Amino acid sequence: MQSGNRLYHNEGNGGFTRVSTGPMLAAPVGGGSRACGWGDYDNDGYLDLFEVNYNAPNRLFHNNGDGTFTQITNAVFNNDANANIYGQTCSWVDYDNDGFLDLFVTRYPDSGLTSNLLYHNNGNSNNWLEVKLVGTVANRSAIGAKVRVHATIAGKPFWQVREMTTGGGRWVQPLVTHFGLGDATNVDTLRIEWPSGTVQEMPNVAAKQFLTITEPARLKANMTNGIPEFSLNGGRNLSYEIDSSPDLQTWTPLAHTTITNQSGITNILDTNSGAGQRFYRAVAR
């Protein structure tokens, strides 16, 4: 006898509460669940759930946006698993870059070979945003980074968050974060929290685009005998221009440097800083 599935709600304080109702909690008839994947397949701003099963059809559950889910019973993949067919893994991935998540499922039977399955998402009129990160101070793939978007969808303003990861267990995820935006034509705020501690925020980001964002360098300031000294932590083999300004409006180049050492860190002195306040920035070139 197969036991049911489990879903736990994160209370945001380090604790979890077990969800007691929902169609995805019951074990599939005649079989059991093997893997699952979360993805906003209809780009309405809410993560949906796909369930890979063995000895039973796979299942898709639509997130209604109010804490409940509805099983989609007319999906094309409902009949692609049955007795003696074992689902293995799944992955939501926009393989054709049209802004809608497609679905890849691997499977195997008790004996012999069974082909894997790829389902193309035919899309709808909803908007979306996809973000790829390139780490410099952090690891190159930006594993561990959090990407957040704030947008107003169907009159409701709220945040969405994705963590950069390749997945875990039997769930595989590409190194691209995908956000459904519904009827929102832009993202009010795009926020990236890099593993290095750097935080970037970008306002008014247009929907329906693919963004590749490179992690900015980090400048740490110290005073040595009254002279500003900076530690620049950036990407190895990347070039940067260090600028100074008295008012955050007029910027003067201070130095150009290419980081070549293994640590990705170089030091810079401003011997012409003079009196008064000064602001500094590092710009990738």
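**Reading around Leu190**

Biologist: Which residues does Leu190 touch, not counting residues up to four places away in sequence?

Modeller: A contact means heavy atoms within 4.5 Å. Here Leu190 touches Val131, Val147, Arg148, Val149, Gln200, Glu201, Met202, Val205, Leu211 and Ile213. Before we go on, this is a predicted model, where local features need pLDDT of at least 70 and side-chain atom pairs count only at pLDDT 80 or more, while totals for chains, interfaces and linings use all residues. Residues are numbered from 1 along each chain as its sequence is written, and side-chain values use heavy atoms, with hydrogens and water left out.

Biologist: How do I read a nonpolar core, and which residues have the most contacts inside the largest one?

Modeller: In soluble globular proteins, nonpolar side chains tend to be buried together. A core is a set of buried Ala, Val, Leu, Ile, Met, Phe, Trp, Tyr and Cys residues joined through side-chain atoms within 4.5 Å. Buried means under 20% relative accessible area, exposed over 50%, and partly exposed in between (1.4 Å probe, protein chains only). The largest core has 22 residues, and those with the most contacts inside it are Leu129, Leu133, Leu181, Val187, Leu190 and Ile213. Strands 10 (127–134), 11, 15 (177–182), 16 and 18 (210–214) each supply at least two of its residues. Strand 11 gives the largest share, 4 residues. Another core, of 14 residues, lies apart from this one, with Phe77, Trp92, Leu101 and Leu103 among them.

Biologist: What is strand 11 (residues 146–153) paired with, and in which sense?

Modeller: Strands are DSSP runs of E, at least two residues, numbered from the N terminus, and two of them pair if DSSP finds at least two bridges between them. Strand 11 pairs with strand 12 (residues 156–163) in the antiparallel sense over 8 bridges, and Thr152 has Pro157 as its bridge partner. Their hairpin has 2 residues between the strands, and Ala154 takes a positive phi near 55° there. Strand 11 is also joined by 5 bridges to strand 16 (residues 186–193), again antiparallel, with His150 opposite Thr189.

Biologist: Where does strand 18 pair, parallel or antiparallel, with strand 10?

Modeller: Those two run parallel over 5 bridges, and Leu133 stands opposite Ile213. Strand 18 has Leu211 and Ile213 on a covered face, and Phe210, Thr212 and Thr214 on an uncovered one.
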